[in-house]
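I opened this model to see how its chain is folded and which contacts hold my attention. My notes are set down in the order in which I looked things up.

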Amino acid sequence: MRALRLLLLLTTYAVLVTAMAAVPAWALRLGDAGAPPQPRSLERPQRASVSQAPLQKVEPSLLKRLLEDDPHEQHRVIIELVEQADLSSLPTNLSRNARGHAVVAELQATAQGSQAGLLGFLRGQQARGKTQQQVHPFWVFNGLAVTADAETLLAVAARSDVRIVREDHWRRWVDPLSVEETLESLSDGTTEWNIAQIRADLAWDSLGLDGNSITVAIMDTGVDWQHPALQSQYRGFSPGGLSVHEGNWFCATDEGYIYPADGHGHGTHVTGTAVGRQDAGGVAIGVAPGAKWIAVKALNNRGFTYDS
């Protein structure tokens, strides 16, 4: 009888041990509510989140660099503001000259008023070394060009007065010349084929309209101001005296030309097409040979420049 009780006890113990072995460890913990533990995440810690709304204002390729590059790296950008000049409010009875002045005044007033807050912020960032010293405001469109780090540009994008932040791209605007472009005549008559095609010569002869009293501004690779078909039309040219380049010529590249020059050729060709007098063969080459010209060297001698 005693042996039977001992056998029954051992059998019960064996059953309990087997049952407990089948229970997962988490179920034996005190206070456990019966749910299995969640697996530990293997994902890397995430960066501090940035609000999505400002990011939508940033050009995608620029945004990628702002988020991934060295945070101290500075980026050239163009910032466009939300506010735009309301030119529809200008009087409709203005003369062409007066309307031109009114449009310029309205554009400048809009830019001056709406850019003040942003310029103040950028000056503060300059003091912290977050932006370069030069900030270029524009009024032809309401915006500015600046070079700044990622923190500054993301803060700019978050401003309610900013519409878009895009890269100030360095790009080629004029391809290398495959053949030398000159102002040599392509005609055997007294007028270039292009002049005859648009009948500009008829406007000269019948209406007396040849561009007289008009000044044409050329923005290109520069102009060879001593070209015989162009020199007398240069507004800064003074026959027999000292030519005046200030106010008639500006070099916007880093090439440092203090007088009109063109190391590429495209700008000289364009100027000849616009205002050139006669070429070496006595053939008229420009649409408005009575006009004067001034120029900005906006493209370097390889045809490259920034958007701004």
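**Ground rules.** I am working with a predicted model, in which local features need pLDDT of at least 70 and side-chain atom pairs count only at pLDDT 80 or more, while totals for chains, interfaces and linings use all residues. I number residues from 1 along each chain as its sequence is written, and side-chain values use heavy atoms, with hydrogens and water left out.

**Whole chain.** Of the 308 residues, 33% count as buried, where buried means under 20% relative accessible area with a 1.4 Å probe, protein chains only. For contacts, meaning heavy atoms within 4.5 Å, I noted that 72% of those with a separation of 6 or more link residues 24 or more positions apart.

I then traced an open sheet of four strands, which has the order 2-3-1-4 and antiparallel pairing; two strands pair if DSSP finds at least two bridges between them. Its edges are strand 2 (136-138) and strand 4 (162-167), each pairing on one side only. Neighbouring strands here are turned by 30° against each other on average, direction ignored. Between strand 1 (residues 74-81) and strand 4, which run antiparallel, I found five bridges. Helix 3 (residues 60-68) packs on the sheet, where it touches strand 1 and strand 4, and its direction makes about 80° with that of strand 4. Helix 4 (residues 96-127) lies across strands 1, 2, 3 and 4 and runs at about 5° to strand 3 (143-149). For these angles, axes are lines fitted to C-alpha atoms, for helices over the stretch in contact, and angles run from 0 to 180 degrees between N-to-C directions.

**Glu80.** Is Glu80 buried or exposed? I find that Glu80, which lies in strand 1, is buried, with a relative accessible area of 15%. Glu80 stands opposite Ile164 in strand 4. Its side chain makes polar contacts (pairs of N or O atoms within 3.5 Å; within protein, one must be able to donate a hydrogen and the other to accept it, and residues adjacent in sequence count only if both atoms are side-chain atoms) with the side chain of Arg163 at 2.5 Å and with that of Arg166 at 3.0 Å.

**Lys57.** I next went to the loop between helix 2 (52-55) and helix 3, where Lys57 has its place. The C-alpha atoms of Lys57 and Ile164 are separated by 4.7 Å, although these residues are 107 residues apart along the chain. A polar atom of the Lys57 side chain lies 3.0 Å from the backbone oxygen of Ala157, and this side chain also reaches the backbone oxygen of Val162 at 3.1 Å.

**Cores.** Which residues of the largest nonpolar core touch the most other members? Among its 22 residues they are Ile79, Leu118, Leu144 and Val165, a nonpolar core being a set of buried Ala, Val, Leu, Ile, Met, Phe, Trp, Tyr and Cys residues joined through side-chain atoms within 4.5 Å. Helix 5 (150-157) is one of the elements that supply at least two residues each, and helix 5 gives the most, with five residues. I also noted a second, separate core of 12 residues, which includes Trp225, Tyr234, Ala288 and Ala295.

Key:
Buried means under 20% relative accessible area, exposed over 50%, partly exposed in between (1.4 Å probe, protein chains only).
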